[in-house]
Amino acid sequence: MFITCDPNDGEGGIKLLDDLTTNAKQIQQQILESILQQNGETEYLGKFLGDHVINKETFKDKVPVVNYEDIKPYIERLANGEPSNIICSQTITELLTSSGTSGGQPKMMPTTSEDLDRKTFMYNLLVPVMNKYVDGLDQGKGMYLLFIKPEISTPSGLVARPVLTSYYKSSNFRNRAFSRYSVYTSPDETILCSDNKQSMYCQLLCGLVQRDEVLRVGAVFASAFLRAIKFLEDFWQELCSNIRTGNVSTWITDPGCRIAVMNILRQPNEELADYIEKECGKKSWDGIVKRLWPRTKYIDVIVTGSMAQYIPTLDFYSGGLPLLSTMYASSESYFGINVNPLNRSSDVSYTLLPNMAYFEFIPVEKNHDEEEASQGIQCNGLSDKICSLGEEEQQVMETVDLADVKVGHYYEIVVTTFTG
């Protein structure tokens, strides 16, 4: 079961979102059935399901909730050349490395080409949601500062790299469905530049040259956007010099970057250089984003979880622009989107999309003593405790389905994907 979304069909996109959330229980059932039908005979699931009828009840009864360490031996076998069907019926195309932000050590997650299509679906669905709440986004561009990270090749030849690097290097990103929302000031060549310093410089230069067209700015995480502000503080004079002369600095040696930037820079622009110099040369950078990109409607960055600490700094630089956290995703799976993007940062919530994966929830107790300090509940580590139990104890543990979670209760999410 695979659903597509046309980002240019605003009415159709909102209806699709309504259908997904209204029929979440049925869709989740279909997703689990599809996962089990595809992967029921893999070595991993086979050892639990055996000759049993493969259905939801058997899955819940026989397949334990596990953590990464339980799956790690299979992933290492994949990395060392064993076939994909030890864990997944589809061909594993690469391994996605986690950031390590939860447990401290990066993990590797198997993925397929179909997984890329699911990610693309979620990006496409964001377009009609944003257009519903913010007018005129089709009248300009987004200055998104996006970067790739290093990758490694495993003994099997499978590439291991971060999930966003995988997406930006994919044909899904390069050939993304045209909509004005997907038009960025940064040429793909600057995003795909392996030298992060050259990439940052060129993306900021392109963003400044096209400042009158910029309607939204952002990066994936709040911390990354603030790194860009710091970079601008260090390099604004050189950037102004490039704009004034119409030439790119000689230390930009990446051929793709140079050609792409020159196609945007084109000719000297003394008036723009003078304006940027005047604004950046002021003693205070309070509201610098709004001053340099005056048509900007919001800053698109994740400011939930550990990123919440950066909200005051972003507020200082933004000039009062709304901070929008639009989606919830990880290396393991993409989860959902913020269907009320204009809510205050402190009130952000995400709606899980039931076609992304099969979601279950483990009830946990709210820690009242730490609530104020943590701004919520810290669930990390619960699955480690679960997986230290014996097999029989694990199997009797009950999880709650997506359609059965209760308002005001707290849970740790459990995800079952198409890729093991």
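**Reading the labels on a predicted model**

Student: What makes residues 369–389 a stretch to treat with care?

Tutor: Their pLDDT, the predictor's confidence in each residue from 0 to 100, stays under 50. The model has 29 contacts (heavy atoms within 4.5 Å) beyond four places in sequence for residues 369–389. Where pLDDT is low, predicted coordinates should not be read in detail. For the protein chain the mean pLDDT is 90, and 90% of its residues reach 70 or more.

This is a predicted model, in which local features need pLDDT of at least 70 and side-chain atom pairs count only at pLDDT 80 or more, while totals for chains, interfaces and linings use all residues. Residues are numbered from 1 along each chain as its sequence is written, and side-chain values use heavy atoms, leaving out hydrogens and water.

Student: Why is Arg-266 called exposed?

Tutor: Its relative accessible area is 69%. Exposed means over 50%, buried under 20%, and partly exposed in between (1.4 Å probe, protein chains only), so Arg-266 counts as exposed. Arg-266 also has a positive phi of about 60 degrees although it is not a glycine.

Student: Which residues does Leu-95 contact, leaving aside neighbours within four places in sequence?

Tutor: Among them are Ile-75, Met-108, Pro-110 and Leu-158.
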